[in-house]
Amino acid sequence: MIDRARLAELKHEIGDEDFEEVAEIFLEEMSETLDSLAANPLLVTPAAFHGLRGSASNLGFAGFAAVCSEAEKQCQAGDAVDIAALVALFHTSVEAAADDLPAQAA
């Protein structure tokens, strides 16, 4: 689920040009972080999911943020987290938000 109101609010707060830059950085950093988590299980920590959740919330990726919150709790409990499912959800979220993101970012 994409919180389009949050996306519009952020765009209004920082302007189109800065929004474009923030969106590009967000997508790049999220992809890099998820790739790192998939490649190195030692990086799978509650803090990693906390950071993903916060970034996703800031850019209106509400559904992804909620799953990251659950992953953070799972990790804190010592349970395994399905990183592949998280990566797939992120890509689905990006597709869902494509109309709201700058063309070069999505």
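Predicted model: local features only at pLDDT ≥ 70, side-chain atom pairs only at ≥ 80, totals over all residues.

Residues are numbered from 1 along each chain as its sequence is written, and side-chain values use heavy atoms, with hydrogens and water left out.

**Stop 1: the core.** Select F49, L52, L59, F61, F64, F90 and L101: of the 29 residues in the largest nonpolar core, these touch the most other members. (A nonpolar core is a set of buried Ala, Val, Leu, Ile, Met, Phe, Trp, Tyr and Cys residues joined through side-chain atoms within 4.5 Å; buried means under 20% relative accessible area, exposed over 50%, partly exposed in between, with a 1.4 Å probe and protein chains only.) Now colour α1 (4-39), α2 (46-58), α3 (62-76) and α4 (83-97), the elements that give two or more residues to this core. Helices here are DSSP runs of H or I, at least four residues, numbered from the N terminus. The largest share, 9 residues, comes from α1.

Zoom in on L59. Leaving aside residues up to four places away in sequence, L59 touches R6, L7, L10, F19, V22, A23, F26 and L101, a contact being heavy atoms within 4.5 Å.

**Stop 2: α2.** Pick A48, F49, L52 and A56, which are buried. They cover an arc of only 90 degrees around the axis, so they sit on the same side of α2; the arc is that of the directions from the helix axis to the C-beta atoms. An α-helix has 3.6 residues a turn, so residues three or four places apart point the same way. The buried residues of α2 pack against α1, α3 and α4.

(The expected span is 1.5 Å times one less than the number of residues.) Just after α2, click G60, which takes a positive phi of about 85 degrees.

**Stop 3: cysteines.** How many disulfides does the structure hold? It holds 0, a disulfide being a pair of cysteine sulfur atoms within 2.5 Å. For C68, the nearest cysteine sulfur is that of C75, 12 Å away. C68 counts as buried because its relative accessibility is 0%, and C75 counts as buried at 16%.

**Last stop: S31.** Select S31 in helix α1; at 24% relative accessibility, S31 counts as partly exposed. The C-alpha atoms of S31 and K73 are separated by 21 Å.
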